Amino acid sequence: MRTVPGVRAAAAAGTLPIGGRFNPDGYVVEGQAPPTTTGMETQTVQLAVGPEYFHTLGIPVLYGRDFDARDRAGALPVTIVDEELASRYWRGADALGHRVRLTGGPPWLTHVGGGGSVREARAADAAITHAYLLF
């Protein structure tokens, strides 16, 4: 897609914001007590995306880095979490290097970057947390 005339950016994604098709999943933060409730505060949207996803959609990477070639098969599993999730446990770049485990996901994901928050259904809806995984 990037080679098509007029295309400025392209990236792969399992779903897109405002698409209304998201499935929140549970998560655990290493070193934190497991949640005692089952409400949305213990859920995050798990999204599989490709490199350049944040740039393509105009979502800022607030600290750390985007996914890149270092994160391919055989590498340490990593995640980028949004500012909503990071603010629950860490302050900005202090989140880097910490690990989360997602229900049904790889055992532990090392946090390498922080993305801006996005809305999943309607722009007026409250934000839900996001954990991004590399395709």
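These notebook entries record what I looked up in one predicted protein model.

**Entry 1. Overall layout**

I began with the secondary structure, which comes to 2 helices and 7 strands. Reading from the N terminus, I noted the order β-β-α-β-β-α-β-β-β. The protein has 135 residues, and 36% of them count as buried.

**Entry 2. The nonpolar cores**

I asked which residues have the most contacts inside the largest nonpolar core. They are Leu47, Val49, Tyr53, Phe54, Phe67, Ile80 and Tyr132, in a core of 14 residues. At least two residues of this core come from each of strand 2 (43-49), helix 1 (53-57), strand 4 (78-82) and strand 7 (130-134). Strand 2 gives the largest share, 3 residues. I also noted a second, separate core of 13 residues, with Tyr27, Val29, Val100 and Leu133 among them. As background, I recorded that nonpolar side chains in soluble globular proteins tend to be buried together.

**Entry 3. Strand 7**

Is strand 7 enclosed or open to the outside? I found 5 of its 5 residues buried, so strand 7 is largely enclosed by the rest of the structure. His130, Tyr132 and Leu134 point one way from the strand, whereas Ala131 and Leu133 point the other way. All of these residues are buried.

I next looked up the partners of strand 7. Strand 2 pairs with strand 7 in the parallel sense, over 5 bridges. Val45 is the residue that stands opposite His130 of strand 7. Strand 4 runs antiparallel to strand 7 and is joined to it by 2 bridges. There I found Val81 opposite Ala131 of strand 7.

**Entry 4. Tyr132**

I returned to Tyr132, whose relative accessibility is 0%, so this residue counts as buried. Setting aside residues up to four places away in sequence, I listed what Tyr132 touches: Leu47, Val49, Tyr53, Phe54, Phe67, Val78, Thr79, Ile80 and Val118.

**Entry 5. Aromatic pairs**

I counted 5 aromatic pairs in the model. Why is the pair of Tyr53 and Phe54 edge-to-face? The ring centres of Tyr53 and Phe54 are 5.4 Å apart and the planes stand at 85 degrees, so this pair is edge-to-face, the cut-off for that class being over 60 degrees. Both Tyr53 and Phe54 are buried, and for Phe54 I noted a relative accessible area of 1%.

Phe54 also forms an edge-to-face pair with Tyr132, at 4.8 Å centre to centre and with 75 degrees between the planes. Because Phe54 lies in helix 1 and Tyr132 in strand 7, this pair ties together parts that are 78 residues apart in sequence. Elsewhere, I found one aromatic cluster formed by Tyr27, Tyr89 and Trp90.

**Entry 6. Val49**

Val49 lies in strand 2, and I recorded it as buried, at 0% relative accessibility. Which residues are in contact with Val49, leaving aside neighbours within four places in sequence? They are Ala12, Ala13, Phe67, Tyr132, Leu133, Leu134 and Phe135. I also looked up Val49 and Gly14, which are 35 residues apart in sequence. In space, the C-alpha atoms of Val49 and Gly14 are 6.3 Å apart.

**Entry 7. Glu52**

I searched the loop between strand 2 and helix 1, where Glu52 is found. Glu52 has a positive phi of about 75 degrees, although it is not a glycine. I set this beside the general rule that most residues other than glycine have a negative phi. Is Glu52 buried or partly exposed? Its relative accessible area is 35%, so Glu52 is partly exposed, since that class lies between 20% and 50%.

**Entry 8. Thr110**

Last, I looked up Thr110, which lies in strand 6 (residues 109-115). Thr110 has a relative accessible area of 13% and is therefore buried, the cut-off being under 20%.

Definitions and conventions:
Residues numbered from 1 in each chain as written. Predicted model: local features only at pLDDT ≥ 70, side-chain atom pairs only at ≥ 80, totals over all residues. Heavy atoms only, no water. Helix = DSSP H or I, 4+ residues; strand = E, 2+ residues; numbered from the N terminus. Buried < 20%, exposed > 50% of the residue type's maximum accessible area, 1.4 Å probe, protein only. Core = buried A, V, L, I, M, F, W, Y, C linked by side-chain atoms within 4.5 Å. Contact = heavy atoms within 4.5 Å. Phe/Tyr/Trp six-rings, centres within 6.5 Å; stacked < 30°, edge-to-face > 60°. Pairing = 2+ DSSP bridges.
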